[in-house]
Amino acid sequence: MNRPFANLVALQFKEFFREPEIIFWAFVLPIVLSWLLGIAIGTGGGTTATAAVIESAEAPREYWLSWMERVKIGIEETGIRGASSSKSASREASGVEFLVLSRDEALLALKKGRIALFIEKIPGGDALRYSFDPRNGEARMGHLVIDRALDAGARAHGEGNEVASLEIQGTRYIDFLVPGLLAMDIMSSALWGIGWALIEIRIKKLLRRMAATPMHKSMYLCSHFVTRLIVNALEFLALYLFVYFYFGVKIQGSVPALIAIFIAGNMAFAGLSVLMSSRTANPRVGNGLINAITFPMMLLSGIFFSYHHFPGWAIPLVRKLPLTMLADSMRSIFNEGAGFAQVGLPALILAAMGMVFFYVGMKIYKWN
Amino acid sequence: MISVRNISKSFKDVQAVRVVSLEFEKGRFVALLGPNGAGKTTLVEMIEGIQKPDAGTITILGKSWRHDERHLRRIIGLALQETNFIDKLTVEETLRLFASFFGLGRERAREILDLINLGEKRRSYVMNLSHGMRQRLSIGIALINDPEILILDEPTTGLDPVARREIWDILMNLKKRGASLILTTHYMEEAEYLCDDIVIMDKGRVLVRGTLDELLKADGERNGARGAQSLDELFISLTGRHLNE
């Protein structure tokens with residue numbers, strides 16, 4: 001039996017897999033990206049910080065070297081005691097770097113981003129002053145690590161309180177990154193794989209030729225969605241297997257909920273792609289439209305870095321973006337053990353968005 | 001078979017077709033001749049249901065595009081100008097895809113491969129076909145549903161004489177089988193060789209319509225000894241231009 005829908009899906013698969021370059025961009029690039037970012041930023045919980053200690057008459061170099069010994073003991077004990085894996089704990093422990101600088105040098109280093117915070121001794125006692133930008137996550141984390149390490153070091157000498165571990169599954173940068181990359185991949189794949197493909201088919205005048213047959217037009221657009229859903233699932237699986245074996249990233253929450261949010265995300269972006277491509281017959285306009293949609297979301301939706309650094313008024317808006325909803329939901333399943341109760345609503349919203357975009361796109365679609 | 005009555009079509013400030021009325025009879029090959037911008041493509045695209053006329057009506061075997069689109073799509077075969085098929089599908093896959101839109105199986109695709117003489121290229125990607133072969137594929141797709149009416153928009157433009165002759169052979173075979181064809185063309189000899197009736201258009205209007213003999217006779221009656229002796233002369237006499245201008 002020669003079924004049109006199966007043929008349409010098959011043709012898109014053939015087109016996809018007969019382009020080696022597309023396979024590289026779809027499958028290999030996300031893996032390389034996750035590897036590079038994972039290696040570059042580290043798997044040690046994102047707590048890597050560089051701090052300066054300020055050399056002065058009252059706190060000379062020797063004072064700080066002795067102080068660092070105490071901190072180092074504290075960091076090592078903190079990491080080892082609380083970690084589920086001693087390997088990852090030691091990475092975290094070695095993540096804090098100290099430089100001994102003058103105050104002026106420290107200020108310059110802070111401006112250049114070489115250090116995240118500096119520490120100085122308050123004259124007339126043992127108290128320390130931490131100076132850093134409170135919006136800088138690295139600095140805040142560095143402050144926390146050192147402070148707790150000092151407590152732990154003191155405890156090791158018979159004083160001080162217990163210090164909780166920072167090494168918890170899901171707190172590493174790679175844990176943060178991977179669900180975001182997967183969400184971004186769904187968006188890019190839909191907009192380029194469906195939106196751009198449809199624009200290209202219109203430019204080639206193949207769309208009008210197909211529309212001049214008894215083929216159902218909605219079936220044609222749905223065939224793009226189904227193809228892309230399957231391709232995205234394969235891409236998802238390839239990337240997940242890589243980060244599972246290489247970085248030890250695990251899905252801690254509900255897999256059925258993950259599948260649901262994955263399908264809903266695909267629906268949202270497939271619908272958006274149909275709407276985006278509904279009138280465009282110019283490759284430059286199409287390219288610009290896709291970039292105009294993807295770049296702001298890539299930057300705003302917290303794919304590579306948390307969107308919590310944005311001003312407070314912007315965050316509620318950012319959270320309403322489809323990519324933010326998808327990335328946040330996937331992150332909560334991967335890292336926080338979330339299930340349907342947590343991601344059910346965003347999944348419904350994303351699916352509804354997709355249907356509305358698709359419906360409007362179909363209504364205004366230019367087939368000629 | 002096809003009745004076109006008082007149709008007009010404008011694009012922004014250009015009036016592409018101006019109050020055209022034509023009747024097309026079953027089993028006849030009709031050529032639409034005209035220079036660039038004459039309105040041929042717009043006219044056939046309205047007959048094909050791709051463009052909607054601003055005014056006037058078109059009925060095909062008594063049916064209209066507004067009410068019977070799916071039925072008409074099943075009985076018309078068409079080849080548009082400048083269609084690019086999917087580069088990395090093979091010839092046979094492309095034919096099977098279009099066959100599936102009509103509920104037809106792979107056997108029909110194989111029949112068409114023989115009909116358009118592309119059997120040896122069935123496993124070749126479309127991107128590796130010559131221009132002439134792609135045009136034959138385009139005609140094959142037009143024929144896939146064994147249409148009652150075939151509409152081809154400049155199927156031989158840009159082809160060398162050999163490739164053009166191959167397409168003529170395909171069309172002449174169809175003619176022997178009683179097919180009905182509307183063909184737009186830039187080539188006088190193509191219209192003369194293939195078609196029973198000739199319609200000459202210019203600036204969105206139909207100037208004359210009839211068999212070649214009828215057209216030459218009528219011109220002779222109008223112009224006496226200065227009457228046209230060939231289709232080429234007739235065209236220049238009517239439009240003041242050569243066909244390729």
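Me: Which ring does B:Arg164 lie over, and at what distance from the ring centre?
Reply: This is a predicted model, where local features need pLDDT of at least 70, side-chain atom pairs count only at pLDDT 80 or more, and totals for chains, interfaces and linings use all residues. Side-chain values use heavy atoms, with hydrogens and water left out. A charge sits over a ring if NZ of Lys or CZ of Arg is within 6 Å of the ring centre and within 35 degrees of the ring normal. B:Arg164 lies over the face of B:Tyr187, at 3.7 Å.

Me: And which ring has the charged end of B:Arg165 over it?
Reply: Here the distance to the ring centre is 4.9 Å. The ring belongs to B:Tyr193.

Me: How are the planes of A:Tyr240 and A:Tyr244 arranged: stacked, edge-to-face or tilted?
Reply: Rings of Phe, Tyr and Trp (its six-membered ring) pair if their centres lie within 6.5 Å; planes under 30 degrees apart count as stacked, over 60 as edge-to-face and the rest as tilted. The structure holds 16 aromatic pairs over all chains. In this one, the centres are 5.9 Å apart and the planes make 45°, so the word is tilted.

Me: Where do A:Tyr240 and A:Tyr244 lie in chain A?
Reply: Helices are DSSP runs (H or I, at least four residues), numbered from the N terminus. The two tyrosines are four residues apart, about one turn of the helix. Both belong to helix α9, residues 217–247.

Me: Is A:Tyr240 buried or exposed?
Reply: Buried means under 20% relative accessible area, exposed over 50%, and partly exposed in between (1.4 Å probe, protein chains only). A:Tyr244, at 34%, counts as partly exposed. A:Tyr240 comes out at 14%, so this residue is buried.

Me: Which residues does B:Leu95 touch, leaving aside its neighbours within four places in sequence?
Reply: Contact means heavy atoms within 4.5 Å. B:Leu95 is among the residues with the most contacts inside the largest nonpolar core, which has 69 residues. Such a core is a set of buried Ala, Val, Leu, Ile, Met, Phe, Trp, Tyr and Cys residues joined through side-chain atoms within 4.5 Å. The partners are B:Ala109, B:Ile112, B:Leu113, B:Leu137, B:Gly140, B:Ile141 and B:Ile144.

Me: How many disulfides are there over all chains?
Reply: A disulfide is taken as a pair of cysteine sulfur atoms within 2.5 Å. As for cysteines, A:Cys222 is partly exposed at 30%, and B:Cys195 is buried at 10%. The disulfide count is zero.

Terms used. Residues are numbered from 1 along each chain as its sequence is written. Chains are lettered from A and ligands numbered from 1 in the order in which they are written.
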